[in-house]
Amino acid sequence: MMALFDFQLANVLIVDDQVSNIQLIYQVLKDDYNVYMARSGTEAIDLIKSKRPDIILLDVYMPELTGLELCQILKADPYYSDIPIIFITSFTDPAQEVACWEAGGVDFVQKPINQLTLSRRVKAHLTLKFQADVLKHIANLDGLTGIYNRRYLDEQGAALFCHSQKQGEAFSVVMFDIDYFKGFNDQYGHLMGDDCLKAVAHCIKGLVSDEKEILVRYGGEEFILLISGKSKQQVGRLVDTICQAVSALKIPHESSGCSDFVSLSAGGLVCEHPERVELKSLIERSDVLLYQAKSEGRNRAVI
Ligand code: GH3
Ligand code: MG
Ligand code: MG
Ligand code: MG
């Protein structure tokens with residue numbers, strides 16, 4: 001996610017079939033943003049996939065794919081629907097204005113282009129977009145540990161699971177739980193308990209790659225890790241590494257019944273054919289395996 005108001009990093013895409021229009025808009029925006037240009041709807045789609053623009057300036061009338069059609073396509077795709085689209089057009093017919101709103105545009109700039117209006121509109125909509133991104137990002141974070149929260153699991157976990165299903169890749173769910181954490185709080189106090197949770201979360205996060213893995217704080221002292229595309233052996237190794245790394249933090253835990261230091265139990269399963277199951281049932285099954293790890297003595301993983 002881009003830092004708020006970091007406009008120099010914003011990607012702006014101009015889509016117009018007329019080079020003179022593109023050039024004019026480019027001159028207005030080139031000093032403030034990364035500007036990309038496309039001369040047709042299909043060329044634009046390629047650039048949108050590769051550059052993921054923060055805003056699109058879109059001509060209405062183009063041969064083949066029109067601006068209205070391109071806008072509708074993007075608004076129907078959850079991955080691109082939040083990119084604001086400003087239509088650039090000369091209106092002679094009020095019905096066209098209605099069509100632009102209905103297609104999902106956030107604003108218009110009319111030809112002949114007033115340069116100041118264009119730059120102010122782009123800046124205003126980029127500001128709104130970045131503010132919305134920041135709010136969305138914060139809403140997905142756990143306030144104590146700074147890792148993702150359960151809400152993020154509901155949204156992005158489903159997306160990663162779908163990805164695995166489509167790719168036919170293995171999908172794994174691992175649930176971690178700190179051992180005898182109630183005793184830790186009772187002995188050292190809740191503030192130390194909070195510090196312990198932060199240290200454990202930070203430690204696990206450092207061992208997880210962002211791309212095909214999702215780590216969230218699931219509940220009080222429970223964490224869930226979703227993994228796409230790893231074999232059972234690889235998942236087993238990763239889980240062992242995580243549990244050993246948390247033990248290696250050597251956070252003293254005198255009232256633990258299984259170690260001198262804070263430790264984790266884990267329950268996880270690797271699903272070779274995720275297309276046949278539901279994510280919810282995988283999470284439930286990982287919880288059962290976690291319970292098994294607990295009853296077998298804690299400070300261990302059952303995969
Ligand atoms: P087990 O080994 O079976 O997991 O035992 P446990 O004591 O860890 O499990 P239990 O579910 O009995 O206790 C979990 C404790 O986690 C109780 C609760 O006070 C503590 N906890 C949950 N969220 C927080 C938090 O945000 N901060 C602190 N300090 N403690 C928390
Ligand atoms: Mg045109
Ligand atoms: Mg628990
Ligand atoms: Mg516990």
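Student: What makes Lys250 exposed in this predicted model?
Tutor: Count its neighbours. Lys250 has 10 other C-beta atoms within 10 Å. The cut-off for exposed is 12 or fewer. Therefore Lys250 counts as exposed.

Student: Where does Lys250 lie, and what is its phi?
Tutor: Lys250 lies in the loop between H9 and S9. Its phi is near 50°, a positive value in a residue other than glycine.

Student: How do you know whether Phe184 is buried or exposed?
Tutor: Phe184 has 24 C-beta neighbours inside 10 Å. Burial needs 20 or more. Phe184 is therefore buried.

Student: Which residues does Phe184 touch, not counting residues up to four places away in sequence?
Tutor: Phe184, in helix H7, touches Gly193, Cys196, His253, Ser255 and Val262. Phe108 is another matter. Phe184 and Phe108 are 76 residues apart in sequence and 59 Å apart in space, C-alpha to C-alpha.

Student: What makes S6 and S9 a strand pair?
Tutor: Bridges. A pair needs at least two. Eight bridges join S6 to S9, so they pair. The two strands run antiparallel. Met175 stands opposite Gly267 in S9.

Student: How do you know that S9 pairs with S10?
Tutor: Two bridges link S9 and strand S10 (residues 301–302). At least two are required, so the pairing holds. Its sense is parallel. Gly267 has Val302 as its bridge partner in S10. Between S9 and S10 the chain crosses through helix H10 (residues 279–295), and this β-α-β crossover is left-handed.

Student: Why is S9 described as mostly covered?
Tutor: Eight of the eight residues in S9 (residues 264–271) are buried. Each therefore has 20 or more other C-beta atoms within 10 Å of its own. Both faces are covered. Leu264, Ala266, Gly268 and Val270 are on one side. Ser265, Gly267, Leu269 and Cys271 are on the other.

Student: What makes a set of residues such as the one with Val200 a nonpolar core?
Tutor: Its members are buried nonpolar residues joined through C-beta atoms within 7 Å. The largest such core has 46 residues. Those with the most contacts inside it are Val200, Leu215, Val216, Phe223, Ile224, Val239 and Ala266. Several elements each supply at least two of its residues, including H8, S9 and H10. Another core, of 33 residues, lies apart from it; Val28, Ala38, Ala44 and Cys100 are among its members.

Student: Which residues are in contact with Phe223, leaving aside its neighbours within four places in sequence?
Tutor: Phe176, Ala201, Ile204, Leu215, Val216, Arg217 and Tyr218. Contact requires C-beta atoms within 7 Å.

Student: What makes Asp179 stand out around ligand 1?
Tutor: Asp179 is one of the residues that come nearest, with Phe181, Lys182, Gly193 and Gly220. There are 17 residues around ligand 1. They divide into five nonpolar, five polar and seven charged.

Terms used. Residues are numbered from 1 along each chain as its sequence is written. Chains are lettered from A and ligands numbered from 1 in the order in which they are written. This is a predicted model: local features need pLDDT of at least 70, side-chain atom pairs count only at pLDDT 80 or more; totals for chains, interfaces and linings use all residues. A residue is near a molecule or strand if its C-beta atom, placed from the backbone, lies within 6 Å of it. Ala, Val, Leu, Ile, Met, Phe, Trp, Tyr, Cys and Pro count as nonpolar, Asp, Glu, Lys and Arg as charged, and the others, Gly among them, as polar. Helices (H or I, at least four residues) and strands (E, at least two) are DSSP runs, numbered from the N terminus. A crossover is right-handed if, with the strands pointing away from the viewer, the path from the first strand over the helix to the second runs clockwise. Two residues are in contact if their C-beta atoms, placed from the backbone, lie within 7 Å.
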